[in-house]
Amino acid sequence: MNKLKQLKNIIITKPQKLDCGKEISNFPISYETYGTLNEKKDNAILVFHALTGDQFASGKNPITNKDGWWSYALGPGKAIDTEKFFVICANVIGGCMGSYGPSTIDEETGKPIGTNFPVITINDMVNAQYNLLGHFKIDKLFAVIGGSMGGMQVLQFVSNFPDKAHIAIPIACTSSHSAQNIAFNELGRQAILADTNWKNGFYEQNKTSPDKGLAVARMAAHITYLSKKGLQEKFGRKLQERDDLKFSFDADFQIESYLRYQGSVFVDRFDANSYLYITRAMDYFDLSKQFNGNISDAFSNTTSKFFVISFTSDWLYPTAENREIVIALNAIGADVGFVEIESDKGHDSFLLDVPDFLDTLGNYLKTNYKTVNEKRI
Amino acid sequence: MKKEFKVISELILQNSKVLDVGCGDGELMKFLKDNKTSKIRGLEISKNRVQNCLSKGLTVIEGNAENDLQQFPNNSFDFVILSQTLQAFLDPEKVISELLRVGKKAIVTIPNFGYWKVRLNLLIKGTMPVTENLPNEWYNTPNLHMCTLRDFFNFCSKREIKIFKSLALKNDKTLNLSSKNLAWRNLESQLGIFLIEK
């Protein structure tokens with residue numbers, strides 16, 4: 001945990017009223033930046049991470065020593081080109097990579113806040129990150145971009161701050177978490193709560209850790225990020241380092257072994273309570289409810305240009321749900337482009353090497369950056 | 001750029017709101033954006049073409065004109081363009097009524113099945129016509145509802161659609177087109193361009 005203290009962060013002193021009614025102040029937001037902010041401060045992009053992401057979107061994550069979660073899309077010469085753009089990515093509140101969350105040490109008790117942490121929403125996350133604009137003295141972002149929960153944050157950001165981004169790119173997301181989405185998140189949460197090491201969220205004080213529950217949560221969720229076709233092609237019924245079935249409950253199949261591995265590496269880098277809080281925030285996300293059933297009203301004052309992207313094999317946030325965002329934007333005459341990218345990599349497509357996606361995103365940003373600048377001159 | 005696109009762009013007023021239905025690679029959109037109006041949107045069914053358009057900075061939505069026009073409110077555009085695709089729809093009548101609901105005016109262009117070479121093809125050879133403008137065989141053509149310039153005139157009068165302006169293209173030459181010269185134009189021109197209004 002000491003390593004976390006060395007991460008870049010800002011302390012938000014101004015009190016922030018949360019959706020649950022509580023107020024927070026003097027809390028940290030950890031962030032990372034990529035590229036250089038130009039003199040006119042017109043090349044800044046705010047990237048929002050997904051459920052288990054963090055501020056390390058590109059390069060090496062100094063805590064996990066793994067590549068950043070969006071290394072395919074973000075970096076020098078990549079679609080989100082850090083030779084051209086200044087990219088800011090912050091850890092969401094509720095997260096566990098330095099921002100204010102359940103693993104933050106309570107100064108009074110000297111122990112992690114645990115489940116005394118307030119239930120937060122996507123709206124709360126976005127309002128907290130908005131402070132970064134002030135910190136960097138950026139008046140208007142060139143773009144806000146994010147996939148999955150990051151896409152929800154894009155929608156909420158543009159709704160809350162209608163004139164603070166020229167371009168908004170929500171990817172593989174939804175304006176309202178579906179029953180299926182909530183169901184899968186609940187499955188994950190129940191796996192954590194069922195682990196006797198969870199101790200009502202105060203596991204560090206009890207020197208335990210609900211690793212098994214968190215690993216099962218990750219395994220279940222991981223399946224939802226892939227497609228049936230992708231899984232079948234990669235694993236099929238291939239056996240794991242054996243010639244025949246063992247008639248036991250060992251990992252006979254490669255897919256079993258793969259999921260177990262995904263679960264086990266996840267618990268090394270992620271906090272179980274953060275998983276509870278962040279999935280809850282996603283479930284509570286319903287932009288249409290915030291505007292009395294009319295999503296269009298969420299964007300009625302927007303000056304942003306939108307580009308909505310979905311993937312053919314994404315069944316977690318399917319094209320139909322992404323299209324609803326497009327329809328709501330068209331209903332108010334907003335400037336919105338939309339494409340469904342062909343890919344059999346499921347919901348994870350936005351994180352992976354999908355050339356059609358990366359090329360279109362890169363060209364879109366490049367061309368529009370030129371146009372936005374020409375307009376200003 | 002195709003002569004057809006030049007003629008279409010001359011019909012579009014400066015700074016008007018335009019929707020190009022079936023915008024393809026965005027050639028017409030780009031020209032209109034550079035010369036006429038920045039308020040231009042496209043609808044296109046092919047993923048690759050949508051990606052090309054978005055890459056050029058054009059605002060295009062992937063979708064099918066037969067289902068996806070319904071997301072646009074009434075009169076949300078000054079002009080809606082439909083270039084040479086009316087004949088490919090399952091229900092062209094519905095598409096036309098959608099164009100005129102979404103747009104205050106619509107520009108529809110039609111490959112003329114009354115063109116003399118087409119007629120001759122059927123008359124002499126006794127086979128379904130295959131020409132430069134209609135290059136497919138009967139078994140693989142996307143064109144389900146071919147019509148002639150006269151057919152479209154008749155359709156508009158039956159459905160009480162006003163033809164604001166009509167032009168014909170004969171070997172890239174623009175000709176005026178009206179009910180008076182229809183018999184001849186319907187024989188000599190490959191393409192009809194109609195500016196219509198409900």
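Predicted model: local features only at pLDDT ≥ 70, side-chain atom pairs only at ≥ 80, totals over all residues.
In chain A, strand β11 (residues 141-147) is mostly covered, seven of its seven residues being buried. This strand is joined through four bridges to strand β5 (residues 44-48) of chain A, and the two run parallel, with A:V47 standing opposite A:I145 in β11(A). Six bridges join β11(A) to strand β12 (residues 165-171) of chain A, again in a parallel arrangement, and in this pairing A:V144 is found opposite A:A168 in β12(A). Together with helix α3 (residues 149-160) of chain A, the strands β11(A) and β12(A) make a β-α-β unit that is right-handed.

In soluble globular proteins, nonpolar side chains tend to be buried together.

A:I167 lies in strand β12 of chain A, and it counts as buried because 23 other C-beta atoms are within 10 Å, where 20 or more are required. When residues up to four places away in sequence are left out, A:I167 touches A:F142, A:A143, A:S304, A:K305, A:F307 and A:N368. A:I167 and A:Y364, although 197 residues apart in sequence, are 9.9 Å apart in space when taken from C-alpha to C-alpha.

Two loop residues of chain A have positive phi values without being glycine. A:K137, in the loop between α2 (122-135) and β11 of chain A, has a phi of about 55°, and this residue counts as exposed because it has 8 C-beta neighbours inside 10 Å. A:E241, which is placed in the loop between α6 (228-234) and α7 (254-269) of chain A, has a phi near 45°, and A:E241 is likewise exposed, with 8 other C-beta atoms within 10 Å.

In chain B, strand β2 (residues 40-44) is joined by four bridges to β3(B), and the two strands run parallel, with B:R41 opposite B:T59 in β3(B). Between them the chain passes through helix α3 (residues 47-55) of chain B, and this β-α-β crossover from β2(B) to β3(B) is right-handed. Within strand β3 (residues 59-62) of chain B, B:T59 and B:I61 point one way whereas B:V60 and B:E62 point the other way, and all are buried. In a regular strand the side chains alternate between the two faces of the sheet.

The buried residues of α3(B) are B:V50, B:Q51, B:C53 and B:L54. Viewed down the axis of α3(B), these buried residues fall within an arc of 160°, and they therefore line one face of the helix. Just after α3(B), a positive phi of about 85° is taken by B:G57.

Between the chains, 20 residues of chain A are in contact with 15 residues of chain B. On the side of chain A that touches chain B, two or more residues each come from α10 (319-331), β14 (335-341) and α11 (355-376) of chain A, and α11(A) gives the most, with seven residues. By residue type, this side of chain A divides into eight nonpolar, eight polar and four charged residues.

Conventions
Residues numbered from 1 in each chain as written. Chains lettered and ligands numbered in written order. Buried ≥ 20, exposed ≤ 12 C-beta atoms within 10 Å, placed from the backbone. Pairing = 2+ DSSP bridges. Right-handed = clockwise from strand over helix to strand, strands pointing away. Arc of directions from axis to C-beta. Contact = placed C-beta atoms within 7 Å. Nonpolar A, V, L, I, M, F, W, Y, C, P; charged D, E, K, R; others polar.
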